[in-house]
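This report covers the fold, the helix, the strands and selected side-chain contacts of one protein. Please view the sequence and the model alongside the text.

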Amino acid sequence: MTLTSFFYEFSHLDRDWFQKFFDLLSAELGDDVAVIQFDRRSFHTIKTLDCPENIMPIFQPPTLQN
């Protein structure tokens, strides 16, 4: 296991740019696999995103509101 950082700066974040991030990260990974922890923000859970096979998203459980 190795730990790697991947940064890409966008002017804003929406479905199209988040897909672009996935595509860029996937190309950078090549044959490697990334496991990424996401919160449940709306742009992280868009059902129309095409998550590449070498990216495995793990979603945080919802937080409890008191």
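## Basis and burial

A residue is called buried under 20% relative accessible area, exposed over 50% and partly exposed in between, with a 1.4 Å probe and protein chains only. Of the 66 residues of the protein, 26% count as buried.

The model is predicted: local features need pLDDT of at least 70 and side-chain atom pairs count only at pLDDT 80 or more, while totals for chains, interfaces and linings use all residues. Residues are numbered from 1 along each chain as its sequence is written, and side-chain values use heavy atoms, with hydrogens and water left out.

## Overall fold

The protein has one helix and two strands, and the order from the N terminus on is α-β-β. Helices (H or I, at least four residues) and strands (E, at least two) are DSSP runs, numbered from the N terminus.

Contact here means heavy atoms within 4.5 Å. Among contacts between residues at least 6 apart in sequence, 33% join residues at least 24 apart.

## Helix H1

H1 spans residues 15-29, which makes 15 residues. From its first C-alpha to its last it reaches 21 Å, close to the expected 21 Å at 1.5 Å a residue; the expected span is 1.5 Å times one less than the number of residues. The buried residues of H1 are Phe18, Gln19, Phe21, Phe22, Leu25, Ser26 and Leu29. Seen down the axis of H1, these fall within an arc of 155°, so they line one face of the helix; the arc is that of the directions from the helix axis to the C-beta atoms. S1 and S2 are included in what covers them. On the other side of H1, Asp16, Ala27 and Glu28 are exposed.

At the N-terminal end, Asp14 caps H1, with a side-chain oxygen 3.2 Å from the backbone nitrogen of Asp16. After H1 comes Gly30, whose phi is positive, near 65°.

## Strands S1 and S2

Strand S1 covers residues 34-38 and strand S2 residues 55-59; the two run parallel and are joined by five bridges. Strands pair if DSSP finds at least two bridges between them. Ile36 has Pro57 in S2 as its bridge partner.

The covered face of S1 holds Ala34, Ile36 and Phe38, and the uncovered one Val35 and Gln37. In a regular strand the side chains alternate between the two faces of the sheet.

## Selected residues

Ser26 is buried, at a relative accessible area of 17%.

Gln60 lies in the segment after S2 and is partly exposed, at 32% relative accessible area. Gln60 and Asp39 are 21 residues apart in sequence, yet 5.2 Å apart in space, C-alpha to C-alpha. Leaving aside neighbours within four places, Gln60 is in contact with Gln37, Phe38, Asp39 and Arg40.

## Salt bridge

A search of the whole structure finds one salt bridge, defined as a side-chain nitrogen of Lys or Arg within 4 Å of a carboxyl oxygen of Asp or Glu. The partners are Arg15 and Asp16, whose closest N and O atoms are 3.8 Å apart. Arg15 is partly exposed, at 30% relative accessible area, whereas Asp16 is exposed, at 54%.

Key:
A polar contact is a pair of N or O atoms within 3.5 Å; within protein, one must be able to donate a hydrogen and the other to accept it, and residues adjacent in sequence count only if both atoms are side-chain atoms.
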